[in-house]
Amino acid sequence: MPASEPTNDNMWNERIALAEKMIPVIGQLRRDQNVVASIYGRRLDNRSESGIIKAHRYARHITNEVLNLDQTLPILEKLIELDVCTASVDVGVLASRFAAEGGDLTEYLQRELADVIGTTDTMPQRDIVLYGFGRIGRLVARILLARQANNHGPRLRAIVVRKNGDEDLEKRASLLRRDSVHGSFDGSISVDPVNNILWANGTPIQVIYSSDPTTIDYTEYGIDNAIVVDNTGRWRDREGLEQHTQAKGVSKALLTAPGKGDIKNIVYGINSGDIEESDTILSAASCTTNAITPVLKVVNDKWGVEFGHVETVHSFTNDQNLIDNFHKGSRRGRAATLNMVLTETGAAKAVAKALPEFDGKLTGNAIRVPTPDVSMAVLNLTMENEVEREEVNSFLRKVSLTSELRQQIDYIHSNEIVSTDFVGTTHAGIVDGLATIARGKHLVLYVWYDNEFGYSNQVVRIVEQMAGTRAPIVPKRARLEEL
């Protein structure tokens, strides 16, 4: 269990003062050096003073000790002094290791960060176009805008939509500005109706009206070598998606839905190493596939999975009807806000596209329920070896905290947690440890996931890798086989 943490008003005020000193340093690192600072994977940029303090408290779950802000502030300041460039730097790990090792801080950091100090920054800026601007498109836009740095990485340049009336631009801006589930946009948004531009935190986003991707000339808007993120799901095979790469100014396309045929379905962190420079069409699979595949991989590697069934309890989506009406899909015509709707899911089969060892091992169904966001997958597994509940939970907790999959897998152990507590999570899935069932070779795991925002973060990770703008992570995290 994490260590207890005594506190009083004076201690809190001291922490606030240190956090206030950190904010401009964190901002300068992000803007000028393309360095993202974190505390054991919890990003520090765009946080308030109390948010920075909360991120430091999280370190207790890993080291069983309180991480003080006066341990990390000198490290952040040294990152500027040492000219660390284009990296994701976990200052929590650095601070904890330095506290144990001791010595001279500058020498320690020069050794630990040698690969990213004083390097010539060749990370390109890459144009990104969102084709479709629905639930996933707008969240991907929010994430890209929040991560944008000066002359580095992916840059949101345009969205492509069908025009729906004279007030289309204003309504698109309003939907980006306010979200009933995820809250208000963090910043300012305005419109330029003359040039069809949305301005978001100083970034101009060209709005292009079209229903035929092949007819768009993106170079007319100064966009070139772009990656198109198709959020419409209108085309899912190579032939359909290649319409994007036929457009002038586009080099690659990513589908935010399961791809068909020979399209690689990528779950970031699992088979993202299969992405090649020559790949022009990729799929980010589905939200459910992203939630369950990392968990299935680690338990299969550890104990072996013989077969299993995946039952997803999924929030309703825009595809369903609000009230009873005709729908081409089975059962989906019934009122989404009044019914649990049993339907099919392709997630169980889709796992095998990222993990071939699961081919033919999984079955699956889905139950749509009357909530707007956050879903749960129940993994009912028969293992090759016997498992014990505490051993499984301890392993998954360790994976979530220290492994190379900690951006994909999180772990929670609370008897008060409910679905809305996971709105806005950046992880692909969160294991609910209290719900774990293990008996002999039978294992049942409950995995929460924000099917909108968690999935959108996985999409952005793929975009960054396709663009060649995924920053190295330092210091390196533990490999799964080392746990």
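Contact, as I use the word in these entries, means heavy atoms within 4.5 Å. I note at the outset that this is a predicted model.

**Entry: contacts along the chain.** I looked up contacts between residues at least 6 apart in sequence; of these, 71% join residues at least 24 apart in the protein chain.

**Entry: overall form.** I counted 13 helices and 21 strands in the protein chain. I then asked what radius of gyration a compact globule of 483 residues would have. The rule gives a value near 23 Å, and the protein chain has 23 Å, which agrees. Along its principal axes, the C-alpha trace spans about 65 × 60 × 45 Å.

**Entry: burial and surface.** I found that 53% of the 483 residues are buried. The accessible surface of the protein chain is about 21600 Å², and carbon and sulfur atoms account for 47% of it.

**Entry: charges.** I compared the mean positions of the 54 positive and 64 negative charges in the protein chain; they lie 4 Å apart.

**Entry: helix α7.** I turned to helix α7, which covers residues 135-147. At 1.5 Å a residue, its 13 residues should span 18 Å. I found its end C-alpha atoms 19 Å apart, which agrees with that expectation.

I next asked how many residues of α7 are buried. Eleven of the 13 are buried, so the helix is largely enclosed by the rest of the structure. I listed the buried residues of α7 as Ile136, Gly137, Arg138, Leu139, Val140, Ala141, Arg142, Ile143, Leu144, Leu145 and Arg147.

Key. Residues numbered from 1 in each chain as written. Predicted model: local features only at pLDDT ≥ 70, side-chain atom pairs only at ≥ 80, totals over all residues. Heavy atoms only, no water. Helix = DSSP H or I, 4+ residues; strand = E, 2+ residues; numbered from the N terminus. Expected span 1.5 Å × (residues − 1). Buried < 20%, exposed > 50% of the residue type's maximum accessible area, 1.4 Å probe, protein only. Rg over C-alpha atoms; globule rule 2.2 N^0.38 Å. Areas by Shrake-Rupley, 256 points an atom, 1.4 Å probe, with all protein chains shown as cover. Lys, Arg positive; Asp, Glu negative; His and termini not counted. Charge placed at Lys NZ, Arg CZ, Asp CG, Glu CD.
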